[in-house]
Amino acid sequence: MIDTPPSPLTVTPAGTHAFLRDVTRTRPGHGNADLPWLRTVAHRVQETPGTFLSWLEDILGDEEAVRSAAKRSYWHPNGFAKMVLHASADLRIRLHVWPESSEPSRGESNPHSHRWEFASTIVAGEGLHMVEFRETTEGGKPYDRYRYGADPANPAALLADGQARLAVEKTPHVRLGEVYSCDTGIVHTVRPIEAGLTATVVIQGPHRTSTTVVYCEPGQTDDQPNGELTETDFRVLVGAVANAVASCR
């Protein structure tokens, strides 16, 4: 649903691998990690799968890289892993993985927005089903609205912000090899299309707003703690994605 407040960043030097070095070279002259550039990076994952795969293998072969990445990663309460592969002041590269299961995951089932822009691309599985919403005064479905990041004493808290009705705006499907982008004004849900392994690479820019919005169905608890993601979890999941990328080349 929403990222926890960022922990102290472990910065990955841009020159340590060809994939990150190539990403840095494409950065706009003004230095702003804006949405068009984030889309460029997401497309680069698809255009150079061998280089991206080599980067994943490089991370898995470095014990300290695995340890650091696992510390800043977690299991989402709806059953998928959010793993931060690279973190710097205004760029994060994350890998979201839904493991093999007998039924499709609920994904991120609460409508929500983000404090940052991002572009993402599917690297394993059939793809993701998105639903984008807008608030409306007539029709739609009722929700309890919360603000995330609004409590200085507890940035991870969800603060009640009244009620709202949401209507469906779009229902895009993002399939293997495609790129999806999202700005801070989009409210959406995300779930895998199929039950098998599904993975998406998320290219996240800097925070643009201090708070974001989360909608819960009436009566639903807002207490959805994240789960610990171990180094073993990280190795297994990234390894599965690496195998999937290699099989598609």
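**Sheet and helix packing**

Strand β1 (residues 74-75) and strand β2 (residues 81-87) run antiparallel and are joined by two bridges, with Tyr74 standing opposite Lys82 in β2. The model is a predicted one. Both strands belong to an open sheet of seven strands, which follow the order β10-β5-β12-β3-β2-β1-β14 with antiparallel pairing.

- In the strand order, β1 stands between β2 and β14, while β12 stands between β5 and β3.

**Helices against the sheet**
- Helix α2 lies across β5 (116-124), β10 and β12 (198-207), and runs at about 10° to β5.
- Helix α5 (residues 231-248) also packs on the sheet, where it touches β1, β2, β3 (92-98), β5, β12 and β14, and its direction makes about 80° with that of β2.

**The contact of α1 with α2**
- The axes of helix α1 (residues 18-25) and helix α2 (residues 35-47) come within 10 Å and cross at roughly 145°, and this crossing is right-handed.
- On the α1 side the contact is made by Phe19, Asp22 and Val23, and on the α2 side by Trp37, Val41, Arg44 and Val45.
- Sorted by class, the residues of this contact comprise five nonpolar and two charged ones, with no polar residue.

Notes. Residues numbered from 1 in each chain as written. Predicted model: local features only at pLDDT ≥ 70, side-chain atom pairs only at ≥ 80, totals over all residues. Heavy atoms only, no water. Axes fitted to C-alpha atoms, helices over the stretch in contact; angles between N-to-C directions. Helix = DSSP H or I, 4+ residues; strand = E, 2+ residues; numbered from the N terminus. Left-handed = near helix turned anticlockwise from the far one by under 90°. Contact = heavy atoms within 4.5 Å. Nonpolar A, V, L, I, M, F, W, Y, C, P; charged D, E, K, R; others polar. Pairing = 2+ DSSP bridges.
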